[in-house]
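Hello,

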Amino acid sequence: MTDTILVLTEDTLAESDVRHIVGLHPDESPAYRVLVPADTDRPLIPWIIDALSLGELREAWERATGHEPSRTRARQTAAEQVAGSVAAFVAAGRDATGEITDDDPLPALRTAVAGGGVREVVVVTYPHMIEDTFHTDWASRAREELHVPVLHLYSGTSELG
C-alpha cells in the first residue's frame with residue numbers, strides 16, 4: 001500500500017510549495033492528496049486583519065461591506081485550486097489527486113486519516129495573524145486531533161507556520 005501525504009491548502013500551490021513538499025521525501029514516491037476547502041464562512045474580523053496585513057485593501061473592503069463569495073463561486077474557485085495544485089504535483093513527476101472539502105476541512109482530514117495509509121499532513125496557508133497566534137489555525141487544530149505528523153508551511157516561502 002502506498003503511503004499518502006495529505007496536503008491541505010487554501011490556494012493553488014505554487015511550484016516552490018510543491019518542490020518543498022516533494023523535498024520532504026526525496027527518495028520515496030508517496031501519493032499526494034490535495035484538499036482545498038470551499039471557503040465561504042471565515043470569521044469577519046480575522047479575515048479583514050489578514051487581508052490588511054497582506055496589503056489586500058480591496059479584498060478587505062469588499063469583505064467588510066458584506067461581499068462574501070456564494071457557495072457556487074466558492075466551490076468553483078476551490079475546484080480551480082485543486083486542479084492547479086494536482087497539475088503542479090504531476091509536473092513534478094508525482095502522483096496526486098485532489099478534492100474539495102467543506103468550509104471546515106478538519107472533518108475531511110479526520111476521515112482520510114481514519115481510512116488508513118496517511119503518513120502525514122502538510123498544511124500550506126498564508127500567514128493568519130490571529131489564528132496562528134492563538135493556535136486556532138488548521139495545522140494547530142489538526143495536530144491536536146490527528147495521530148499523524150502535521151507540518152505547516154507558509155505559501156510561496158520556505159517558512160514554517
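**Salt bridges and the parts they join**

There are 6 salt bridges in the structure, where a salt bridge is a side-chain nitrogen of Lys or Arg within 4 Å of a carboxyl oxygen of Asp or Glu. Before going further, please bear in mind that this is a predicted model, in which local features need pLDDT of at least 70 and side-chain atom pairs count only at pLDDT 80 or more, while totals for chains, interfaces and linings use all residues. Residues are numbered from 1 along each chain as its sequence is written, and side-chain values use heavy atoms, with hydrogens and water left out.

As for the overall layout, the chain has 7 helices and 5 strands, which are DSSP runs numbered from the N terminus (helices are H or I, at least four residues; strands are E, at least two). Read from the N terminus on, the order of the elements is β-α-β-α-α-α-β-α-β-α-α-β. Of the 161 residues in the chain, 42% are buried; buried means under 20% relative accessible area, exposed means over 50%, and partly exposed lies in between (1.4 Å probe, protein chains only). Among contacts between residues at least 6 apart in sequence, 79% join residues at least 24 apart, a contact being heavy atoms within 4.5 Å.

Two others involve helix α7 (138-145). The side chains of R141 and D104 form a salt bridge of 3.0 Å, N to O; since R141 lies in α7 and D104 in the loop between β3 (96-101) and α5, the pair ties together parts that are 37 residues apart in sequence. R141 is partly exposed, with a relative accessible area of 22%, and D104 is partly exposed as well, at 34%. The side chains of R110 and E145 meet at 2.3 Å, N to O, in another salt bridge, and because R110 lies in α5 and E145 in α7, this pair ties together parts that are 35 residues apart in sequence.

How do α5 and α7 pack against each other, and at what angle? Helix α5 (residues 106-114) and α7 pack at about 40°, with their axes 11 Å apart; axes are lines fitted to C-alpha atoms, for helices over the stretch in contact, and angles run from 0 to 180 degrees between N-to-C directions. That angle makes α5 oblique to α7, because angles under 35 degrees count as roughly parallel, over 145 as roughly antiparallel, 65 to 115 as roughly perpendicular and the rest as oblique. In this contact, L106, L109 and R110 of α5 meet W138, R141, A142 and E145 of α7.

Finally, please look at P149, in the loop between α7 and β5 (150-154). P149 is exposed, with a relative accessible area of 52%, and, leaving aside residues up to four places away in sequence, P149 touches R119, E120 and V121. P149 and E120 are 29 residues apart in sequence, yet 5.0 Å apart in space, C-alpha to C-alpha. R119 also belongs to a network of salt bridges that links D3, E28 and R119.
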